[in-house]
Amino acid sequence: MREFIYYSRTAPTSGSYVTEDLQRSGRIDIAIHTVIATFFLSHKIRTDARLHLCFAGPPDPPKHLELKPVTEGKTGIDKIYLAKKDVSGVLKKMLYKYREGEKKEVFPGFWIEKKGFLEVAKGLTEQGRNLYILDPKGEDIRTVEIKENPVFILGDHKGLPLKELKRLKSYCTPVTIGPKVYFASQTIAIVNNELDRREADGRLSPSQSDLSLEDNTDDNISDAE
Ligand SMILES: C[S@@+](CC[C@H](N)C(=O)[O-])C[C@H]1O[C@@H](n2cnc3c(N)ncnc32)[C@H](O)[C@@H]1O
């Protein structure tokens with residue numbers, strides 16, 4: 001399992017703050033693109049990825065939205081119909097359904113809770129996971145050692161805040177994807193590709209759930225390409 005943590009200092013922390021103008025809704029448009037880059041393949045939804053969206057914008061920060069979409073079973077009962085054109089609707093509903101004091105599963109494989117960014121990252125290291133910060137000044141992703149079940153952390157349009165970055169660098173490996181500064185979603189696409197290539201040539205073992213990739217079809221995706 002590969003995981004991504006996307007931190008946004010401005011993304012809204014209540015459903016009522018998500019308007020039709022997604023850019024003006026605390027740049028939630030970027031979070032939406034990260035969802036698409038994490039999970040959508042051509043005519044398939046990835047089953048080998050999990051995404052943590054850490055939102056720190058108004059009115060009630062922080063919020064941790066965890067996504068590991070269920071792809072098996074009946075749509076509407078066991079899983080939701082995930083469409084690229086309505087990721088905003090899914091995130092908005094998750095924010096609306098937040099309940100104080102619990103980690104609430106809003107849809108199968110979509111949870112929301114009140115938890116800060118550093119706490120999410122720390123929790124994953126405590127589970128023995130290896131964390132990598134996506135940072136233009138890091139080691140080259142083509143040559144760096146990537147351990148099994150890696151977790152990659154990335155920042156918003158302004159990057160990762162310096163204080164948090166300093167803390168993370170004490171237990172995460174900084175990794176660069178190349179000489180330019182890319183969108184957060186482009187960064188995820190490149191990391192996904194690098195991991196796919198390593199798995200394909202045996203340099204990284206595929207997670208068990210990846211083996212069922214062929215089973216999920218357009219039935220899960222309404223706007224497949
Ligand atoms: C749009 S970029 C942030 C731009 C911001 N102005 C900055 O300089 O940090 C969003 C995120 O993508 C990741 N990223 C972008 N380019 C990268 C690169 N070349 N290598 C590694 N990560 C990168 C970083 O995690 C960054 O925080």
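Glu-66 counts as buried in this predicted model, because it has 21 C-beta neighbours inside 10 Å. Buried here requires 20 or more other C-beta atoms within 10 Å of the residue's own, with C-beta atoms placed from the backbone. Glu-66 belongs to strand S5, residues 63–67; strands are DSSP runs of E of at least two residues, helices are runs of H or I of at least four, and both are numbered from the N terminus. Beyond residues up to four places away in sequence, Glu-66 touches Arg-50, His-52 and Trp-111, where contact means C-beta atoms, placed from the backbone, within 7 Å.

A word on conventions. Residues are numbered from 1 along each chain as its sequence is written. As the model is predicted, local features need pLDDT of at least 70 and side-chain atom pairs count only at pLDDT 80 or more, while totals for chains, interfaces and linings use all residues.

Of its 53 residues, Ile-5, Tyr-6, Ala-31, Cys-54, Leu-91 and Ile-153 touch the most other members. Helix H1, residues 28–39, supplies the largest share, 7 residues. Leaving aside neighbours within four places in sequence, Ala-31 contacts Tyr-6, Ser-8, Ala-11, Leu-53 and Leu-91.

Finally, the ligand. It is surrounded by 18 residues, the closest being Leu-134, Leu-154, Gly-155, Gly-159 and Thr-176; a residue is near a molecule if its C-beta atom, placed from the backbone, lies within 6 Å of it. Strand S8 (131–140) and helix H5 (184–200) are the elements that each give two or more residues to this shell, and S8 gives the most, with 3 residues.

Note on methods: A nonpolar core is a set of buried Ala, Val, Leu, Ile, Met, Phe, Trp, Tyr and Cys residues joined through C-beta atoms within 7 Å. A residue is buried if 20 or more other C-beta atoms lie within 10 Å of its own, exposed if 12 or fewer, and partly exposed in between; C-beta atoms are placed from the backbone. Two residues are in contact if their C-beta atoms, placed from the backbone, lie within 7 Å.
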